[in-house]
Amino acid sequence: MTTLVFGHKSPDTDSTGSPLVWAWYLNEVKGVDAKPVLLGQPNTEAAFMLERWGFDMLDIIDDVADDQPCVIVDTNNPAELPANINGADVQAIIDHHKLVGGLETKGPIDITIRPLACTATIMYDLMGDDVAKMPENIKGAALTCILSDTLEFRSPTTTDRDREVVAALAADLGVNVTEYAAEMFAAKSDVSEFSDAELIRMDSKEYEVSGTKFRVSVLETTAPEIPLGRKESLMETFKTVAAEDGVDEVLLFVVDILKEEATLLIPNDVVKGVAEKSFGATVEGDAVVLPGIMSRKKQIIPNLAV
């Protein structure tokens, strides 16, 4: 049976590109029949990556069948995975997030979770000498993933190893990192065709803090004025998204990649309290700027308090 390789729901660039990278490795190096798939529509930057490096759009799945062989990448959180994930035959996990718990497997599996900025960096290291066999498009996918997750090294999650792997891949591909990252971020910032609900869910994860369930959404952009120009309608849509997704509140952070700051929208007193308790912010009005806040994984989620 074909092994499915997938990341989390609301797939960003890493959860789109890393399944491509690992499925290639399984197929071409390990001789395992593998297929990369998505758990939702990719964001605009991930779609740019697919087109730029000549990939077809990946199949999108809603769930996995009992005993379906699969490899999970870029997450280990059951809330971000198919509903029947514990019925599937999970064979490996490759991730760079904190261990959440709740996954159940059919037997012992390979688990690699490392404190690097990107899953693709971990995969590069796991492949060892076999990285030399990577074709151009797979190298391009890996490069895009790392530049995305590090925000071209602006994110505090960036490590020296992420920088080294980018340098190696860019040299192999003949890519100017700064110019290519600018193309990526321009694609990420082009959100004009998306509805408010789509924007909220585009790069979002569910987390529970002290009994309160949040959808924590991040929009990374070089043009923050575009989503912030829609903040009134976005905040109105928070209620609908929260009700449909079974969460209590939506937290939307608009990350300005160039200024290296985030703006958190403040629709009510609950979120105002979260901003004040989590980030020591002084909130006046319906938005607050949080200087230096760039990373959901390292700066937002660990600090959330209600």
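Modeller: A salt bridge is a side-chain nitrogen of Lys or Arg within 4 Å of a carboxyl oxygen of Asp or Glu. This is a predicted model: local features need pLDDT of at least 70, side-chain atom pairs count only at pLDDT 80 or more, and totals for chains, interfaces and linings use all residues. Residues are numbered from 1 along each chain as its sequence is written, and side-chain values use heavy atoms, leaving out hydrogens and water.

Biologist: What makes Glu-164 and Arg-161 a salt bridge?

Modeller: Their closest N and O atoms are 3.0 Å apart. The limit is 4 Å, so the pair counts.

Biologist: Why is Glu-164 called partly exposed?

Modeller: Its relative accessible area is 45%. Buried means under 20%, exposed over 50%, partly exposed in between (1.4 Å probe, protein chains only). So Glu-164 is partly exposed.

Biologist: Why does Asp-196 count as buried?

Modeller: Asp-196 has 14% relative accessibility. The cut-off is under 20%, so Asp-196 is buried. Its side chain meets Arg-230 in a salt bridge, at 2.8 Å from N to O.

Biologist: Why is the pair of Trp-22 and Tyr-25 called tilted?

Modeller: Rings of Phe, Tyr and Trp (its six-membered ring) pair if their centres lie within 6.5 Å; planes under 30 degrees apart count as stacked, over 60 as edge-to-face and the rest as tilted. Here the centres are 4.6 Å apart and the planes stand at 40 degrees, so the pair is tilted.

Biologist: How do you know that Arg-52 lies over the face of Trp-53?

Modeller: Arg-52 is at 4.1 Å from the ring centre. The rule asks for NZ of Lys or CZ of Arg within 6 Å of the ring centre and within 35 degrees of the ring normal.
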